Amino acid sequence: MTELEKLKRMFEEGLITRRTFLSTASALGLTAAISPAFLSEPANADEKVIKIGGAVPLSGPVAYWGISTMQGWVDGAAVINEKGGVDIGGEKHKLEIITYDTKGTVADARAATTRLVEQDGVKYVFSQAAASTIGMLQITEPAEVISIVACWGYLKIYGKDYPYHFRAEMSDYEQGYAYIPFMQEHYGKDKLQSAAFIGPDDQDGIDCHHSYQRLMEYYGIKDLGVEYFNWEDTDFYPIVTKTLKSNPDFIVTSPSPPGITASIVKAAREMGYKGPISSPAASETKTILEVAGEYAHDVVLPVTCVEPVTDTQKAIKARFIERFGDFNALAGNYSWWIYGLVAALEKAGTYEDTKAVADALAEVVLEDTYVGKVTWEGQNSFGIRRQGVYDCYTTLIENGKARLADVRYPELPDSY
Amino acid sequence: MALDEFTQMTLTGINLGLMYALIAIGLTLIFGIMRIIQYAHGEFYMLGAYVLYYWSSVLKLPYWLGILVSAGTIFVIGAVLQLVLFRPLHGKNILYSLAVSMGLIFIISSGGLLTFGTVVKGIPSVVTGGVSVLGAFYTYERMVISIFSATLILALWFFLQRTTTGMAMRAVSEDPEVSSLQGINTRRIHWIAFGLGSALAAVAGCLMGTLLSIVPTMGFIATVKAFMIVILGGLGSVPGALIGGLIIGFIDSFVTTLISADVAYIIGFVTIFVILVFKPSGLFGQQWD
Amino acid sequence: MTENTKMATGVWVAAVAFAFLLPVICGYDKYILHVGITIAFNIALATSMWLIWTLGFISFAHAGFMGIGAYTSALLFTSLGWSLWINMWIAAAVAALFAFVISIPLMRTRAVYFFMASWAVGEVIKRVFAYYRGIFGGWDGIFNIRPPKIDIFGLDINFTSRVAYYYLALVCCALIVFAIHRIIRSRTGAIYWSIHESEILAQHVGINVLKHKVIAFTTACFFAGMTGALYAHYHTYINPKTFDIWQSEFSLVHIIVGGLSTLNGPVLGATVLTIVDELLRPAGWYRVIFFGVVIILTVLFLPGGLETVPARVRALVARLRGRSD
């Protein structure tokens, strides 16, 4: 049902009383006038369609991540539809992507997901960031709807109790098994004997600090402590001054967006800090180079493939630039999700039985995506394989220049 | 506490405080003269930074001239918005101006995401290097920014004290009715004040943007800081905004370094609350009804 | 005048009757019911904020007190297993208690300074929830807050059902609105408006201004706390960010767009803006922009808010008739 019809129905059924009708006519008239602009193209009636819903932040401070996530699905669906669609039991199905904004808040994500599941009837949803994921899971798990998200930490709502919930993006924990070995090889193990952590003062920061602590323990690196910053903070001198007091061999900051990573790097270098700084969430080089300038040195950026290497990567970048006008490494990192789901649908031979699809999805292995080889892991840690693990493209900034320094599949311990 | 640490905290505090003061002085001018709540003040701070970004990073034109261009552009935008949106609300309940400026926040920050892109950007610094002061490291960039902010605040003070327009502004701020009886064109003063206040925020955005990074959603944080300072110092008071800015700057610097960032935030708000309870119109403010 | 009042009562009764029939009308559509529940919460919050406004000030700490209610109820549930039926009242009482204590120093400030001081109160409340991780769960918040059940007189209702919770929210919301209506219609209400008009004058005719301010603030926060408890048990998850300044600001926007002078204002504003926001959801990044445009247009071209629309329409009709004669 289109927005306009829905609006009409609300009026007809008197969802809005006569009195409010009169008074809201102006406001709603505007809405009605603009609504058609955002309708997804209606599919042909005789075509079979699989709907995929997105409840992602498209506005607000985390819009960068939400929009990057959406682009991967929109692009992937277009590519797959061009090739004829998804083959389920010999029948071709087209993909349709419906996205609603969540502003990155829990309550909004819940409303958006309810609408996707109840009204649009989707069986597959994707999301981005913890707040949207929390709001989404309350709806999707009871309804047996498969959710594919990027969400780090919040391990309370992940694992075998959430069999329909897939976390496609590697968290800083999985990334650690790739970038820490790389750093040890590059800088020498004896040069990296102690570390300190800087993260935001919220649950994401606390969870990432937990990941960091487990990694430091595994690699036998001395943990010198943690400093949390406020999202409202403007200057990082005070935080960095405090961190540098303990004199760490290297600093990990996560999940810090590119701008904050750059500010931390700049402040640390200005105060004479010499060791490497790694930022598992930045996934971007341009801002860091612009902001930190000459101070951008020995910055380690895991899962950051800014300049494509393989043909697949080059093709994805070219398509994104054509379709959306720009491309960033994050959008590249998220671009494989839809292919994973499609592989699972074809393998399961159904799109209605989400349990069969979930089982099939956990077995999916993709060999050639923007992030190289992709598998689902986590059997021993979480009792279920729902965490995406893939080749980690680590970029290194040295003397104001970024280069791809390492590609490796995380060296996960057996207990993972 | 070691001396070098103390120096570092003091220098950071002064630097932050002056920049906060620059944003807050713009807001306090608008507040005092027009008696409206300009909640979208931080959005001009953001827009100012983006003007400079396009001027100096994209077009590669001279940096310092860019700050002037940014201030000029935002002055015009501010003045036009005052004439179109805020003039019709003059003399009405202040909640209406609050609602309009809230609408402006939604439009400008989301429109910013749309036009400038969601990716964080940086404005390359023009001054590099630094010097050791009593064991603490002080970059030339921060030094230049502090001096620039201080000079600008002094210039504004001079403008308000000595020029005809400046004195007219102070008169309107103190008593709008009497000053209009004295032949002051209050309507003209209103748009000038709004443009000037917004331009000051734009300059602060340029300096902060160079020091840190810029993103279309950065405006609200500046609004929060500016409000904290303006209320602390008292509405309409320029010295109040300067002192309030330094107080908040020092709290941010010292408490964050010595205890933690979240405690600094709580202490900032508790300080405001306590000051308001004992001095209900801020440190130097005028009483409002 | 009486005819107008009668008509207004009629419209109110019709609106409530319609709200009660909504589940049947919409065919038990869970999404529409969800929107309905959201509207009920927003109305409760906006009307209680409006109650403070009748004395002439706006509290930015309102969402904070809603948070106190939500956390109280959630903690009573997760640690003692008490159900919403008891928790809701304790939550409201705790919110009111905090409001009472803080309002005595808070009421020293006035006008814009009150905005800021109350903002500080709201921020500190939010930060305290985040800071004490052991008690409040930090930024992570509290999970698994379950809706209550009822089992009396052979009735066995589980409020995990969307329809049941819709009726619960509706009844509570209607009670709050009705209570505020009674307060404003009483002599106390007249005193509130007189304080709104002129505090000094009110003082001179022997009204204890501070007492009334404190009582009104406490009452409003009582309702906010109650709403918070209902919110927590519906969403089953709360965290400090839910109760930040934006929640208060959205309530304020609801009041301003709806209208400031009667109770119709906040109710209309909360209903209409919640629906507009939901309709705009597919607009993605344009959503927030259009929301801003709607606010500005209403303020500039509809001074007095949505509540003045019927009178405007009547005036327009009268003028048109006059012209045709």
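The following dialogue explains how to read selected features of this predicted model.

Me: How is a sheet read, and in which order do the seven strands of chain A lie?
Reply: Strands of a sheet pair through backbone hydrogen bonds, either parallel or antiparallel. Strands (E, at least two residues) and helices (H or I, at least four residues) are DSSP runs numbered from the N terminus, and two strands pair if DSSP finds at least two bridges between them. In chain A, seven strands form an open sheet with mixed pairing, in the order S8-S7-S9-S10-S11-S15-S16.

Me: Which pairings illustrate the two directions?
Reply: Strands S9 (residues 250-253) and S10 (residues 277-278) of chain A run parallel and are joined by two bridges; here Ile251(A) stands opposite Ile277(A). Strand S11 (residues 299-301) of chain A, by contrast, runs antiparallel to S15(A), with three bridges, and Val300(A) faces Leu396(A) across that pairing. S15(A) and S16(A) are also antiparallel, over seven bridges, with Thr395(A) the bridge partner of Leu404(A). The hairpin of S15(A) and S16(A) has two residues between the strands, and Asn399(A) takes a positive phi near 50° there.

Me: Is strand S15 of chain A enclosed or open, and is Arg403(A) buried or exposed?
Reply: A residue is buried if 20 or more other C-beta atoms lie within 10 Å of its own, exposed if 12 or fewer, and partly exposed in between, with C-beta atoms placed from the backbone. Six of the seven residues of S15(A) (residues 392-398) are buried, so this strand is largely enclosed by the rest of the structure. Arg403(A), in strand S16 of chain A, counts as exposed because it has 11 C-beta neighbours inside 10 Å. Two residues are in contact if their C-beta atoms, placed from the backbone, lie within 7 Å; leaving aside neighbours within four places in sequence, Arg403(A) is in contact with Thr395(A) and Leu396(A).

Me: How is the packing of two helices described, for instance H9 and H11 of chain B?
Reply: Two packed helices are described by the angle between their axes and the distance between the axes. Axes are lines fitted to C-alpha atoms, for helices over the stretch in contact, and angles run from 0 to 180 degrees between N-to-C directions. The axes of H9 (residues 219-233) and H11 (residues 261-278) of chain B come within 9 Å and cross at roughly 25°. H9(B) and H11(B) are therefore roughly parallel to each other, a term for angles under 35 degrees. The contact is made by Met228(B), Ile231(B) and Leu232(B) of H9(B) with Gly268(B), Ile272(B), Ile275(B) and Leu276(B) of H11(B).

Me: How many residues of chain C are in contact with chain B?
Reply: In this interface, 30 residues of chain C are in contact with 34 residues of chain B. On the side of chain C, the elements giving two or more residues are H5 (111-131), H11 (245-258) and H13 (286-301) of chain C. H5(C) contributes the largest share, eleven residues.

Definitions and conventions. Residues are numbered from 1 along each chain as its sequence is written. Chains are lettered from A and ligands numbered from 1 in the order in which they are written. This is a predicted model: local features need pLDDT of at least 70, side-chain atom pairs count only at pLDDT 80 or more; totals for chains, interfaces and linings use all residues. Angles under 35 degrees count as roughly parallel, over 145 as roughly antiparallel, 65 to 115 as roughly perpendicular and the rest as oblique.
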